[in-house]
Amino acid sequence: VNWLRGIVTAFRPPPVANPLDSRTKGNLGESIAAFIGIERDHVGHRCDGPNFHNPLSNISRSEIDLFWIRFDDGPNGDYVWLQEIKTSTDPNLAVARDLRSDFEKLFGTDVQLTLASRLQAYATKLRFAELRPDLASRILALGAIEPSNVSRVTLEPTILTEPGYSTTAESRIVGAETALTTLGWSASLISSKIVVLDNLEDRLARIAGGSY
Amino acid sequence: VNLDGDELIRFEQAAVASTRGLNADLPQWSQLIAVAQMAIGAAQDELGTPDQSRRTFYLDIASRILSSAVQQSSPVAKDDQPRLRLLAAAAFSLQGNHPSAFAILSKLSEDDLGSFSQFECFICAILSPRSGGQLRRFIEDPSLTDILDSYLGYFYGGDSSTLEYSRAQLVAKFQEPLSSFETVILGVAIGATFVAQNLGLIATIREYSLPISSTFADGLVAAGVLTLLPPQKEALTQSELLSSTGNALVTMPTSSGKTLLAEFLIMSTLQEEGVWACYVTPYVALGSQVVENLRERDSSIQVYPAMGGYISDGVPSIEGKRTIIVATPERFDSLIRNFSPLLTALRCVIFDEAHNIQSGSRGARLEGLITRLRIRQKSGFQFRIGLISAVLDDASEIVDWLGGSTVVHIHSNWRPTTRRIFYWRSNGDLLWIAENDSLRASAQPARSVLGGTRLPWPQASVRATEHFGAQRQQQPQIAENTGYLIRYLLERREGSVLCICAAKATTRLLALTISNQLSVKTELPMSISRILDLIDSRYPYLSDLARSVSAGVAYHNASLPSQIRQAIERAARAHELDVVVATTTLAEGVDLPFRYTVLHDWQMWGAGDGEQRPINPLLFRNIAGRSGRAGAHTDGDVFVWENPSGNYQYARSTEIWRSLIGSVVPQSSVTLASPLESDGSTSVTAMYASQFLAAIPENPDADPLEDLLSENSYSFRRVMARDRIMSELRRARSSILDERQGALGLAASPIRLTLLGSAALASGLSPETARRLASSLPRIDLESSLAAICASLIRALPDVPEQGNSGLQKKLLKPRTQYPIGPDDLEEVLRQWLAGREPLDIFIDLPYVNRSKRAGITEWSQGSAINEGWSAVFDKFTDFINDTCSNFLPWILRASESLSSQVPELRQLELFPWPYWARYVEEGIESEWGIELARRSASLSRFDAISFGERIMSVLDEDPDVWFAASRRSRQTRALNAFSEFAGESAGDEVLRILAS
């Protein structure tokens, strides 16, 4: 919450509606996943995503949620992770079934959601906003035309849920991994995560209000 | 991009094959789109590198894949296509290909644009400045409209600070929350601003201080020319096109901007008052377009159209003005023969479609003209010659002809639309041939097959035969094959088809065959209704056209009344016709927005010997250029098929591939032939003799003149024609000096013209024809009616080469020949023609028609039955009207004036009103009003034009208050101007009603 306070300009004034609408829950789940990444799994990596830094916005873009980039000393060590987070307090975790289709769109015909767009968007920011055309070229080099050609992009399907639903979450995650390998992704390029927080519904409402 | 060049090309080819139903084993569209996106990314990476060829290559790959992805037949989800269009526009825009960016964005529907974010609409406007105005209504965000207005302002004002401001604002947009896709297109748009900045028309004119007036530049911008195309920019800034005093040759593909370069060249030479330039164009329709464009550009320039056949009626005063005369070669020839002092004020001559040099007697005239101009240049005249052509590749001989190292040769293969060739074999294989596509893998020669599918001929039994009767019998089956191919293309719903035939009868047969298998349109567009109304009210015999046009199919040939032809062209321009089946005249003339071209006949009749031969590769290239018009389409597909009709020598099964592919994809570069290489007819010989005659006073000290002419000719540079041109010119000299029927020149070393020679020169006739006319004139009763005089003239000159109607020639020489007009009919036909009677009515009353055992004339003429037999006979009649009455006779009448005014023996004939007679006959109307209206291309029939003239004069005369101060001539001019404004779009009847009321 302290971290969020640093990036969110205005929390919702209490009393915050409980349950929250699913969009806000999803956005907050992305923020939580981003925080975990920054603190633990992606220390020192660049993070980019449409919603995590503005979870209370009314807008929730349908792209893959988080985009992690590591620029190594040389181009061969550059790496990207794409993290899609499904936040759910539903015992069935039905929403997690969408993990497959969300990642499938990385190699689809909707150019709003393709891996190429994602890489090129970041390259564009590097080129024009950060004036780093060198890094822009390096990130474009991670592109591929189909999942089986990908070598330095890892998928991170992630479920954020209650501790009591972790078994279901595991099952959903395994299902997603299997589906992704069927699409052509190498198993070694899939790194799933399950995040559990008790009283998740209440926690998210409190966080939306800016408190513990 | 982690793919090498050949791999990328194969992906591009797979995308093209997929949307054309070719090949079975294709990559998924998701892969193709990933390739395209990666290519755009790679191109962005190359921005700013000195060698831009890789960037261009990547953008070619991306734009072609993406434009394939949005074809109607693409399997890509419809919801995904609008943003693919946007991305395709981005790829085009980054290449400076704004016509294609415009074309692909203009197909976004209102719904598509409504589904876009404001930001996406805004980016579309940045990518295609020409679309900016239209797209602005979808953008409400003031921060975006502010950027857009500044950006567009650059193209209108040329102030780079406004563009730099808008670019800075675009960069600032990265601070706002954008989706990945929006971020991508923002980046591309920023890149595109650099490209557009470089190509901005006004800014280029200013930055490089191009010698173009601001009025002219503003006129271009007002006409929507905001940016130059890359080859135009290069030509204007990196070559000496505008700064040199040497001649110029512009060889660039169709739609790549040659005409604009020619306009710049002309304008750069018109830097003072009292000088003029000439734009020589082979077709009236093209010339009219040039006149219209030039007048729109700069009203301070006097633009004078001089169209039609050989006319020496006069020229406008050029004193105190800058003048451009837009002329046919015949009119230009007449100008420089009869008004030679004008040459000192001439600054530039442009010859459009310069490859026509190889075409028969017209080609010989062009060659003669340019040869004479080259000699004048060498004697100190200060004008530039510019030749432009879309189809030449190896032009070294032309460069040498025009002046070798001093020539500015602008050559480019860049074209805004991609052209692809498809070949349909008799075994049912439809093959995509690589041709000279810039994107070919390293192991793909020009004739390699890039894709194919099975499409069996519905009439597979047709075959080549030596017997003409058998050939004729299988024409309906052959037409069915072409019709099947065209329906196959129409099912893709990409755009309209232009089908090219060698004969008028075939255009009718094909149009009916195709339309019979299409359903009649339930809601007829306005332009089609207009055609039907015209047929119903004035041309009922065109019931075959009425039937086919109701299904969206029209035929177009020289036998159709000009009103109908223009109405068909308007309908095609408005995308309201699906198919136009035409003879090559349309293919070489007006630029209409066809998506496909289908070549029905690939063997064409030779002008010289009447033999059928495979189509000349340059003509094929010109025809192929009709598909995929820039700004309307991004692609143009050309289909040829192994039509077995024609000369058996080429069409038999063992030869057909070699014969046809030889024309379509020649193995070596094609050079321009001399007219003497392809045509040995008397008309070519006569034209060289006429040109020789014209050169005599132009070169008073040259001896022998034939050597001078030969050395400066194009034919001299052709191994196959060098000896021929010398012998032709020697023969011309002998003919001119021949005293037996009156010498045209005296062998005084150098030659001096006799009075007869001077008259012949002014007339534009060949020496022999001039002699025959001079000897015939005293025997003609000039006190009789004009119709009788004209009939006598035709009978007196039955076989002169200037009278190009071979059917009439044969009939006059051998009266038993089958032809609808005999020597005894001429006077009556001409009398009715001059009285303004409709050609059909004259035709029906012909003795030939009344005697004929062919049934059904009444039903055919009234439109209740289609009768190809009568249509074919009527073709011959309209040929007579078009060739003999409207062209040959006026020429001869004017020539008679030249002869009678100069030759002492004919002086007594000088008082006859030859020029007036010529005008009457030319337009087929004995009315000054009618003639004026016809000259202004009024869309009235000749008969209505007379009626209109009478009525408008009576109206004007009744209103003295308004018209009192004006002279009769001024009133006529005013009324005509008013009429012309209406006549462009409105029906003649409407104009009559409006003006009469």
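Predicted model: local features only at pLDDT ≥ 70, side-chain atom pairs only at ≥ 80, totals over all residues.
Chain A contains seven helices and five strands. Read from the N terminus, the elements follow the order α-α-β-β-β-α-α-α-β-α-β-α. The C-alpha atoms of chain A occupy a box of roughly 50 × 40 × 30 Å along the principal axes. Of the 212 residues, 52% are classed as buried. Among the contacts in chain A that join residues at least 6 apart in sequence, 70% are between residues at least 24 apart.

The size of an interface is often expressed as the accessible area lost when the parts come together. Chain B and chain A bury about 2,600 Å² between them, and carbon and sulfur atoms account for 59% of this area. The contact involves 35 residues of chain B and 27 residues of chain A. Across the interface of chain B and chain A, 10 residue pairs are in polar contact, with both residues at pLDDT 80 or more. On the side of chain B that touches chain A, at least two residues each come from helix 2 (29–46), helix 4 (81–94) and helix 11 (180–199) of chain B. Helix 2 of chain B gives the most to this side, with 12 residues. By residue class, the side of chain B that touches chain A comprises 19 nonpolar, 11 polar and five charged residues. One salt bridge is counted between chain B and chain A. A salt bridge joins D45(B) to R127(A), with the closest N and O atoms 2.4 Å apart.

Over all chains, the count is 55 salt bridges. In chain A, the side chains of K193(A) and D41(A) form a salt bridge with an N to O distance of 3.3 Å. K193(A) belongs to strand 5 (residues 193–196) and D41(A) to helix 2 (residues 22–41) of chain A, so this pair ties together parts that are 152 residues apart in sequence. K193(A) has a relative accessible area of 14% and is therefore buried, the limit for this class being under 20%. D41(A), at 27% relative accessibility, is partly exposed.

In chain B, K504(B) and D879(B) form a salt bridge in which the closest N and O atoms are 2.4 Å apart. The two residues link distant parts of the chain, 375 residues apart: K504(B) is in helix 22 (residues 504–516) and D879(B) in helix 42 (residues 868–902) of chain B. K504(B) is buried at 16% relative accessibility, whereas D879(B) is partly exposed with a relative accessible area of 23%.

A further salt bridge is formed by the side chains of D591(B) and R626(B), at 3.4 Å from N to O. D591(B) is located in the loop between helix 26 (584–588) and strand 14 (596–599) of chain B, and R626(B) in the loop between helix 27 (617–624) and strand 17 (635–641) of chain B, so the pair ties together parts that are 35 residues apart in sequence. R626(B) is buried, with a relative accessible area of 6%, and D591(B) is partly exposed at 26% relative accessibility. Chain B also holds a network of salt bridges that links E12(B), R20(B), R64(B), R420(B), D437(B), R595(B), D635(B) and D637(B).

Definitions and conventions:
Residues numbered from 1 in each chain as written. Chains lettered and ligands numbered in written order. Heavy atoms only, no water. Salt bridge = Lys/Arg side-chain N within 4 Å of Asp/Glu carboxyl O. Helix = DSSP H or I, 4+ residues; strand = E, 2+ residues; numbered from the N terminus. Buried < 20%, exposed > 50% of the residue type's maximum accessible area, 1.4 Å probe, protein only. Contact = heavy atoms within 4.5 Å. Buried area = accessible area lost by both parts, 1.4 Å probe. Polar contact = N/O pair within 3.5 Å; in protein donor to acceptor, adjacent residues only side chain to side chain. Nonpolar A, V, L, I, M, F, W, Y, C, P; charged D, E, K, R; others polar.
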